[in-house]
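I open this notebook to record what I looked up in the structure. The entries follow the order in which I consulted it.

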Amino acid sequence: MTSPMPIKDSLFLASQYLAPHHLVSRLAGVLAENRTPWLKNRLIGNFVRDYGVNMSEALLEDPLAYENFNAFFTRALKDGARPASHAPGAVLCPADGGISQLGAIEQGRIFQAKGHAFGLTDLLGGDAARAQPFEGGSFATIYLSPRDYHRVHMPVAGTLREMIYVPGRLFSVNPLTARNVPGLFARNERVVCLFDTEAYGPMALVLVGAMIVGSMETVWAGRIAPHRNRVETTRYDPAAAVPVRLDKGAEMGRFLLGSTVVVLFGKNRVRWAGDTAVAGHAVRMGELLGLPA
């Protein structure tokens with residue numbers, strides 16, 4: 001028999017449906033950009049203390065030296081802080097965090113949590129042709145907690161083919177909402193980045209927004225303006241004189257106030273590495289996530 005949910009969890013979930021997601025997130029974004037010394041120092045200092053952020057690995061170790069909260073939150077790390085796996089053909093973990101779920105994409109559905117799954121086509125913006133190369137493929141969902149390093153890196157080298165901004169809600173993303181909000185990752189605002197890779201075929205990196213996420217950025221387009229009401233697609237020519245090509249391990253984007261990354265590969269392209277790629281396992285960017293199938 002399932003035990004009843006704690007009252008505080010029930011109230012939190014109820015608030016997720018009632019809260020004005022975008023207004024709260026816009027206000028949080030304004031606060032995170034504020035450069036008033038006493039205010040940004042209090043925000044950063046309290047955050048470091050409350051979440052136990054390890055500043056010794058940051059390129060700039062003094063948390064109060066950052067110009068605002070967003071600069072602190074997207075801080076760079078020292079060289080060597082995230083060594084990349086040298087396993088032959090390694091697929092790298094794209095971010096710090098915890099593996100929420102991973103496995104096979106079955107009948108166009110991606111497993112979210114017990115009792116919940118969401119549609120592959122929905123996740124990628126509603127275009128069935130865009131989703132088709134990933135049918136029967138593999139997915140991994142990585143949740144970035146507040147204390148984590150919040151830049152996202154390339155699991156393998158790839159050439160950008162398409163970027164899709166998908167509007168949506170901004171439910172908080174954490175283990176509680178993943179278990180209880182149906183279709184969470186296909187309902188929240190997100191940025192879908194589609195790459196062509198030499199050894200692994202098509203690859204998708206989906207940056208999923210959440211409550212109080214100010215916005216998301218990519219290294220090629222900068223900040224992706226949130227809160228628009230339509231799907232917006234930008235196509236990139238891989239045959240262009242200067243294509244958007246990123247090496248394995250290179251930074252591809254970042255979260256301003258954090259969330260979740262969903263990684264997709266096609267059928268029979270990747271097998272997740274059993275020792276580390278397990279739901280619930282804590283991971284760091286650059287660790288072994290998968291190997292050639």
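**Aromatic contacts**

I find Tyr51 partly exposed, with a relative accessible area of 40%; buried means under 20% relative accessible area, exposed over 50%, and partly exposed in between (1.4 Å probe, protein chains only). The model is predicted: local features need pLDDT of at least 70, side-chain atom pairs count only at pLDDT 80 or more, and totals for chains, interfaces and linings use all residues. Residues are numbered from 1 along each chain as its sequence is written, and side-chain values use heavy atoms, with hydrogens and water left out.

I note that Phe47 is buried at a relative accessible area of 13%. Phe47 and Tyr51 are four residues apart in helix H3 (residues 37–51), and therefore separated by about one helical turn. Helices (H or I, at least four residues) and strands (E, at least two) are DSSP runs, numbered from the N terminus.

I then looked up Phe47 with Phe72: the ring centres are 5.8 Å apart and the planes stand at 80°, so this pair is edge-to-face. Phe72 lies in helix H4 (residues 69–73), 25 residues from Phe47, and the pair links distant parts of the chain. Rings of Phe, Tyr and Trp (its six-membered ring) pair if their centres lie within 6.5 Å; planes under 30 degrees apart count as stacked, over 60 as edge-to-face and the rest as tilted. Phe47 and Phe72 are both buried. I record one aromatic cluster formed by Phe47, Tyr51, Tyr66, Phe69, Phe72 and Phe73.

**Salt bridges**

I count 16 salt bridges in the structure, each a side-chain nitrogen of Lys or Arg within 4 Å of a carboxyl oxygen of Asp or Glu. Asp96 bridges to Arg82, with the closest N and O atoms 2.7 Å apart; both residues are buried.

Arg130 and Glu162 meet through their side chains at 3.6 Å, N to O. Arg130 lies in helix H6 (residues 128–131) and Glu162 in strand S7 (residues 158–166), so the pair ties together parts that are 32 residues apart in sequence.

**Arg151**

I locate Arg151 in strand S6 (residues 151–153) and find that Arg151 counts as buried at 14% relative accessibility. Which side chain makes a polar contact with the side chain of Arg151? I find that of Glu251, at 3.2 Å. A polar contact is a pair of N or O atoms within 3.5 Å; within protein, one must be able to donate a hydrogen and the other to accept it, and residues adjacent in sequence count only if both atoms are side-chain atoms. The backbone oxygen of Thr74 lies 2.8 Å from a polar atom of the Arg151 side chain.
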